[in-house]
Amino acid sequence: MKAWHYIILAIVLIILAIQLVPVDLPPVEHDNPGDLLGSGIVDGEVADLLQTACYNCHSNTTQYPWYSHVAPVSWLVAKDVRVGREEVNFSTWADYELMDQLAILDDIYSNVEEAHMPLPIYVTMHAEADLDNAQRQKIVDWAEATMDILAEEY
Amino acid sequence: MKRIALLPVAAIVGLLFFQASQKPEAEKHPDLILFDAKMPANVKAVVEQKCYGCHNADSKNEKGKKKLDWDFFEAEKKSKQLATMSKINEVLTEGDMPPAKFLENRPEGKLSDEEKEILMDWSAGKKKKGE
């Protein structure tokens, strides 16, 4: 065997070995009575946009592609989904206090407008989640209008 | 005779004053004025002393200014003010403000327990009181 044979063998062994590291992909839950989509404050195109662009990380209804079960990609996916749900989980929208809902909408506004979200690395693997400027504007307008409506309840 | 004639004139003049002092405030965002009245003086005092240095319109700290600008806060809509209060409350709960790095050089900038409580109480809004 030549040297490069050993190198390839070593790489293959390492990839196989890291599959044994346990990964905790956050669980999927499809029964979410408090979901934003059922709250009555969003519908139509914006609801669709949120679902395709945000819901894989920011809800309990994550759709894991096959490669998200393969290390080391699985580690990244697990972390992004976990952190994403911690920041905001649209599946538990009804559990947030009114003021926190306003803060979340305000963050949606700025993160979508400034293209911090969806994460650029996520969009490279999920072209369907990418938002064009017109779509971003729709989400931004919706967020601002919804903030005003919710603030009236305060 | 003269005095009786003066009465309606005085009433009209009085009415004008009443109108003049009421009108501008009532027409301009009634919500906002009502809401502004709720930012108490003790909160403003802490903000001026411990937050305003970075969070103002002329701040050289671009990040701080962008996140929160006190010169702009009171002119904001109610929805925006409430969102900002919620974020202030979260940052204080996490103990992220003032930033640890800033306090290294300026330990006197730290919020005292009392000051922190004043800001926490205010920024919680109706949360704790349960409406």
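**Entry 1: what I'm looking at**
I'm working from a predicted model, so every value below is computed from that model.

**Entry 2: the contact between A and B**
I started with the place where the chains touch. How many residues does the contact take from chain A and from chain B? I got 12 residues from chain A and 12 residues from chain B. Next I looked up which helices of chain A are involved. Helix 4 (98-113) and helix 6 (133-152) of chain A each supply at least two residues of the side that touches chain B. Helix 4 of chain A gives the largest share of that side, six residues. I also sorted the chain A side by class: eight residues are nonpolar, four are charged, and no polar ones turn up.

**Entry 3: a helix pair in chain B**
I moved on to helix 3 (residues 41-50) and helix 8 (residues 113-123) of chain B. At what angle do helix 3 and helix 8 of chain B pack, and how far apart are their axes? The angle is about 120°, and the axes are 9 Å apart. I have to call helix 3 of chain B oblique to helix 8 of chain B because of that angle: roughly perpendicular covers 65 to 115 degrees, and roughly antiparallel needs over 145. I noted the crossing of helix 3 past helix 8 in chain B as left-handed.

Helix 3 of chain B brings B:N42, B:V43, B:V46 and B:K50. From helix 8 of chain B come B:E115, B:I118, B:L119 and B:W122. By class, I have five nonpolar, one polar and two charged residues for this pair.

**Entry 4: cis peptide bonds in chain A**
I went through the backbone of chain A next. The bond from A:A71 to A:P72 is cis, with omega near 5°. I found A:P72 in the loop between helix 2 (44-53) and helix 3 (73-87) of chain A. Another cis peptide bond joins A:M117 and A:P118, and there omega is about -10°. A:P118 sits in the loop between helix 4 and helix 5 (120-125) of chain A.

**Entry 5: A:A115**
The loop between helix 4 and helix 5 of chain A also holds A:A115. Is A:A115 buried, exposed or partly exposed? I counted 13 C-beta neighbours inside 10 Å, so A:A115 goes down as partly exposed; exposed would take 12 or fewer, and buried 20 or more.

Key:
Residues numbered from 1 in each chain as written. Chains lettered and ligands numbered in written order. Predicted model: local features only at pLDDT ≥ 70, side-chain atom pairs only at ≥ 80, totals over all residues. Contact = placed C-beta atoms within 7 Å. Helix = DSSP H or I, 4+ residues; strand = E, 2+ residues; numbered from the N terminus. Nonpolar A, V, L, I, M, F, W, Y, C, P; charged D, E, K, R; others polar. Axes fitted to C-alpha atoms, helices over the stretch in contact; angles between N-to-C directions. Parallel < 35°, antiparallel > 145°, perpendicular 65-115°, else oblique. Left-handed = near helix turned anticlockwise from the far one by under 90°.
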